[in-house]
Amino acid sequence: MNVSFDKVSVTLGGQRIVNNVSLTVPSGTVLGLLGPNGCGKSTLLRTLYRAQKPSSGVVRVDGDDVRSLGGRDVARRIAVMAQESTQEFPITVREMAMLGRVPHQRGFGADSTADHELIDTALREVGAVHLTERYFAGLSGGEKQRVLLARTLVQQTPVLVLDEPTNHLDIAFQLELMSLATSRGLTVLTALHDMNLAGEYCQNVALLQAGELQGFGRPHEVLEENVIRAGFGVDSRRLEHPITGRPLVAVARLDPQPASAAQQQHINHETKTVKEHA
Amino acid sequence: MNASPRTIPTLPRPVVALAPARRATLWRRCGATALLCAGIVVVILLSTSTGPLATSLSDAAKIISGHFLPGMVWMQDGTISVSQDQAVWNFRLPRTLLAGIAGASLALAGALLQTNVRNPLAEPYILGVSAGAGVGAVLAIVSGSTAVAGLGLNAAAFVGAAGATVLVYLLARQGGVIAPSRLILAGVALGSLLAAITNFLTITTEAQNVYSVLFFLLGSVSAASYPQLILPGIALAGVGLYAMLRSRALNAMLAGDETAIALGVNVTSMRRTLLLATALLTATTVAVCGGIGFVGLVVPHAVRMIVGSDHRRMLPLVILGGALFLMITDLLARTVAQPAEIPLGILTAAVGAPFFLWLMRSSGARAAGVDR
């Protein structure tokens, strides 16, 4: 199911957060949204799942404007793993995952055996089945992300939105989560900070800066040194990953500010260490 | 830093292994429902047979069933005196039912409000609605027992509550959206203002009125009659039905606005409807019974500790539990200090607080994350 943004702009409190962004995510591909903090990645994603109304432009899923579809219809097409996870009341992991069934059910009735089986399967897939009867609030950050991912799987949608899914996760689980999310043939849109994760898991990346689309295409085509410098204000070199052989982006601070002698020595030392390791 | 296991620990457990836990919850829930229903029947009988005029449990049962089922022999054969019939059917039953409806309404209002503003400390009175009812009632009492602008005590209290609802709604709204924190702050501030007005009216009125004012503010169902049951009953039935039908959406709201929207819930309109429903329940109850505190805060928490936060499980128990709790409280209110009656608000706190604290310290509560 393809997703397209057509000249989408968002203005909040007189400030243009997203400016005239047009891009298409073909069905079954993974798009990585890259850009510095506050560049409008999350806001752009929010227009897709109807949490933010665009000031102008149209967001379509499978050709239909998401604003003209009902909330429920959109929730049957798009599942979201958002950054927020407020937790004031005791909810078990099973109940949290069961929320993924909300768009598919009506009325007061109990959950069907099929629903429960779906949840058991999803929790097993994300490696959280041992947490099923635990309380969500008592889980570690990584365990919570597993459960939230399971909820999106339970929602059984063709489109998956991940808003910085790898925040606060250890490196191994960052890789595990990205492959779990991208290996199911779904259309995935994910906001990311790590260019190398994007290079590894995304067919396309979109680079946003101050709400404007600066680049769109294959990761290694978009992530040129001059583009990274303009987008993130950092220097970078393209290397070859010694293990996977894929392109690897190494970043460094651009024109370091003059530092005190002591700091300078420290920086020199660190640079040397990095070189030795490389 | 993060201690999450990176390899999938142990073998995936078979589905069957999870079933017992689910079945246990189901039993717990059915058991709790049956227990509460039985409790309500028992308390109705106890309550209608208790009073200055001696009536046995079976006589009370006979009188109540005799009024519902036509042609029962004991209604005509003289075994039940007219005054017994009068006491049970016209005085004790309506007040017990009113206590039940009020308890259920306040507990339901509390549960919905806690979910609506996603704050476990919320309770119906935090909206300032009861303070509005207080102003209306005190105005009615102070300006003479007859009426304010042609309104009786209950009607004046309802108008006050409705006025406070409109005010808090307008104050909490910004750009068509009601933010939970703004709602709480507006409610608390408005409540304080209205309480100040009530206190001023109370302190400046003649001494003989102060007792009536206090009696209303602390809550009572002693003057109940059948017509008084109608409005609160309709409000309870309507809001209860709405809440149960929307219980999945309520569950989604517990996880946060963003998540709820992504799950297809129209959070803005849901929040508005819930706020009005809560205010309606509170206003109809407070107008008739006065300020009965604590029920709306404690009953939802107690139920969550027993069956969890899923609204499909907790809402029926909240309604039944609130009803039973206030019925028992009313029975105590008119027996412990006979012949005097203790205002309900005093007893709900005196009975409810120790029970709640005990529940809070128990292991079930710790598992439910109350320790956090």
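Visitor: How do you know which domains chain A has?
Guide: The domain assignment of chain A lists domain 1 (3-223) and domain 2 (233-278); such bounds come from an automatic or database domain assignment. This is a predicted model, where local features need pLDDT of at least 70, side-chain atom pairs count only at pLDDT 80 or more, and totals for chains, interfaces and linings use all residues. Residues are numbered from 1 along each chain as its sequence is written, with chains lettered from A and ligands numbered from 1 in the order in which they are written.

Visitor: What makes up the contact between domain 1 and domain 2 of chain A?
Guide: Domain 1 of chain A gives 6 residues and domain 2 of chain A gives 4 residues. Two residues are in contact if their C-beta atoms, placed from the backbone, lie within 7 Å. On the domain 1 side, helix α7 (residues 195-201) of chain A supplies the largest share, 4 residues.

Visitor: What makes L183(B) count as buried?
Guide: A residue is buried if 20 or more other C-beta atoms, placed from the backbone, lie within 10 Å of its own. L183(B) is one of the buried residues in α6(B), and G187(B) and T198(B) are among the others. The buried residues of α6(B) pack against elements of chain B including α4 (129-142) and α11 (267-289).

Visitor: How much of chain A is buried?
Guide: Of its 278 residues, 45% count as buried.

How values were computed:
Buried ≥ 20, exposed ≤ 12 C-beta atoms within 10 Å, placed from the backbone. Helix = DSSP H or I, 4+ residues; strand = E, 2+ residues; numbered from the N terminus.
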